[in-house]
Each structure stands twice: as structure tokens, then as C-alpha cells.
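Try each task before you read its solution.

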Amino acid sequence: MVIGSFAEPYGEGGSTWNVHAPGDLSLTLMGLGAATLVFRRRAPWTVLAASCGFSIVELVTSGPRAPVVMCAVIAMYTVAATTNRPTTWRIGLVTMTGLTAVAMLAGPLPWYAQENLGIFAWTGMAAAAGDAVRSRRAFVDAIRERAERAERTREEEARRRVAEERLRIARDLHDVVAHHIALVNVQAGVAAHVMDKRPDQAKEALAHVRDASRSALGELRATVGLLRQTGDPEAPTEPAPGLGRLDDLVDTFRNAGLPVDVARGDAGLTPPAAVDLAAYRIIQEALTNVQKHAGEHAKAEVSVVRVGPNLEVTVLDDGAGEDAQAPDDPDRGGGHGLLGMRERVSALGGRCSAGPRYGGGFRVHAILPVTTAKQGDRGQTPVKGGTTA
């Protein structure tokens, strides 16, 4: 402002630039205006009002005019950069017209002087520049906020998938461990009971214990192998169990002393892998509960039938032991098996029910949707299969 005050565009020669010194009042106003701009980010409206006041005082005084109005221009830019667009244009219009009107009507120069029109142009450009900067900042902030939100969403999705995978692995581990440990416990008890009087039968029971433990270790190795990182050796290659291994599963319970009858009505059906695994695990968990809770003389029946678009799995027992109707009693430490069944079936869009039977025993019934079956819907009569041990 001080440098600009020494230039006078219209001298006595008409088109030459003459040099003149600003007056004491102009220097004072320029100093005050520059000092107020220090606080323009803290109190932009107050600074704009003060700078406009200093500019008006300079515009109405006589003598060579100093560019004190540049204080108001910078203050106008700051206000426009920190407020919204409607407010910017309202206050900008008031500032432009007010300062220009004062310069034209009360100033020492003619109303049509170029300096008066320059006030209007400079304040208008300041408002436009401030609004453009504010819009740019808002655009950049919106992009940054969307990027941060997308990153948070990706992290939440990753955490959710990890939690679901952990839950699925936990269910598999529970099914494997509960089934095989129950069989090992029963066979070990039989071996201990007949060790002295019938050593041959004890050896047979111990052989079943060995087979059950070997099978448990194999399934545990395959399940825990899912947790390996990329590049770890010996990645699991064995497929997940399914209904194709139902006979082997039933044989392990028969060898443990639980009579099991099997009825199959799913000949030719190729269910999806998830449905196949869920059906196998449901039967495994249900028979394990029968083994643990139904009593010594209980019998079990397994039914796997294709009914329309669904695969229905039913496991019945006639147990009358004291634990026959309490497989999911939380006080006995159970309940996770039945909960795991329901979660498996719900994840596939099916239905699962479990509860005591009328007249004694327990019933587990699951309906699993078969959406990718390769055969058409046709009625099939389940045929009684298997033998009673």
C-alpha cells in the first residue's frame, strides 16, 4: 500500500506517472489497516468491518488517494473463503457497492474516475477468489472423507470376514473334537472294564480308540491347516467330509456300542459342498449327543431324504437316560453343539429344530436347501439300510 501510494496515474501531463508522498493520515490508515489484517483468520467479519471503515475514511478525504482499500480487498477474500456461497455474494455485493458509492459520491475525484471503478473490480475479484478457494477446499475435504470412509469400510469388512471364518473353524473343531473324544472315552471305558476277564474284547476296544484318535488328528490337521499363511508347507489337500462318508461315520458309533439305523433317500443327489458338509456335521453332532446323553441302551435312527428342493436330515433316538433330554443344558457345559447346528443351517438359508420327542428320546431335524442339485424333483421312498450292532 505504501509503494502504491507514491504512484499517480493522472498527472499534469495526462498520461504520465508522477511521484508524490502520502499524507500523515494516509500513512496512519495504512498502518492500522495492515495491523488489523493480522487477525483476519481469527475474526474475519470484524477485520472486514474495520478495514472498510479505514477505507471509507481514506476515500472521503481530500488530497492524493492512497490504496488503503486493499485492506478491505484482502479481508473480503478471507470472509469469502471461510463462509458459504450465498453469504459470500451478499456481503460481497454490499461491500462492492458500498465502497464504490462512497468513492463516487463523497470522494474528491470525479464519480467516473478509473480509481472508483477499480474499487468495485478489486472487491468483486476478492469475493470470487475466496469463494473459489472455499469450494476447492470443500471438494478436497469431501474426497479425503470418502477415502477415509472407504478405508474404514474395507477394514470393517475384513474384520467381519475374519470373525466369520473363525466362527466356522471353531464349529468344525468342536464337531471333530466332540465326536472323536466321545468315542475314545466310551471305548477306553469298555477296555478298562473288560481288560481282566476278556482281553480280546479289550484289544478290539483299544483298536477303535486308536482309529478314532487317528481320524480326529487327521481332521484337526486339515481344519487347523486353514489357518496357515501363504507359503507355509503342507497345506491341507484333503476334501471336507460329506455325506459320501456317512457310512464310515456311522460305523464309528456302531463300534462304540451305539446301534444306528440309516435310511437314505438321496440317491443320485449331488448337493453343494456347503450343504454336504453341514449335513455331515449335523449328523455327527447329533449322534455324539446321543452317545453322551441318551443312556446305555439307546438306539439312533438317521434319515437323509431329498424332499423337493430341500435335503432333510433327521436324527432320532429313544434314549431314556437321565441326560436324554438335556444335551443343550448350559449347566452341564453343553449347548454349543446345537447352537452350531442352527448357525450352520441358518447360514445356508435352511431351518433346524431340536427337542425332546413325545414318549421319550430326542429329535434333531434340519432342512437344507439344495439349489444346485443335478436331478429333477421326483418322489423317492427311503429304504432302510445298515445293520444294528
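This is a predicted model: local features need pLDDT of at least 70, side-chain atom pairs count only at pLDDT 80 or more; totals for chains, interfaces and linings use all residues.

**Exercise 1. Which residues lie nearest the centre of the second largest pocket, and how many line it?**

Step 1. The second largest pocket has a lining of 24 residues, and V186, V190, A256, G257 and Q291 are those nearest its centre. On a 1 Å grid over the protein atoms alone, a pocket is an open set of points where a 1.4 Å probe fits, with protein on both sides within 12 Å along at least five of seven lines, and a lining residue has an atom within 4 Å of a point.

Step 2. As a reminder of the idea, rolling a probe the size of a water molecule over the atoms shows where empty space is left. The space in the second largest pocket comes to about 560 Å³, a volume being what is filled by probe spheres set on grid points that are joined across faces, edges and corners.

Step 3. Now trace the lining to its helices (DSSP runs of H or I, at least four residues, numbered from the N terminus). At least two lining residues come from each of helix 6, helix 7 (199-224), helix 8 (246-255) and helix 9 (273-293). Helix 6 gives the largest share, seven residues.

Residues are numbered from 1 along each chain as its sequence is written, and side-chain values use heavy atoms, with hydrogens and water left out.

**Exercise 2. Find the salt bridge partner of D131, and say which parts the pair ties together.**

Step 1. The structure has ten salt bridges, each a side-chain nitrogen of Lys or Arg within 4 Å of a carboxyl oxygen of Asp or Glu. One of them pairs D131 with R85, with 3.0 Å between the closest N and O atoms.

Step 2. D131 belongs to helix 6 (residues 114-194) and R85 to helix 5 (residues 85-106), so the bridge ties together parts 46 residues apart in sequence.

Step 3. Check accessibility, where buried means under 20% relative accessible area, exposed over 50% and partly exposed in between (1.4 Å probe, protein chains only). D131 is buried at 5%, whereas R85 is partly exposed at 41%.

**Exercise 3. Which residues does the salt bridge network containing R160 and E164 join?**

Step 1. Start with the pair itself: the side chains of R160 and E164 meet at 2.4 Å, N to O.

Step 2. R160 and E164 are four residues apart in helix 6, so about one helical turn separates them. R160 is partly exposed at 38%, and E164 is partly exposed at 43%.

Step 3. Through shared partners, salt bridges join E157, R160, R161 and E164 into one network.

**Exercise 4. Is S51 buried or exposed, and what does S51 touch?**

Step 1. S51 sits in helix 3 (residues 44-60).

Step 2. With a relative accessible area of 0%, S51 is buried.

Step 3. Leaving out residues up to four places away in sequence, S51 touches C71, A72 and A75, contact meaning heavy atoms within 4.5 Å.
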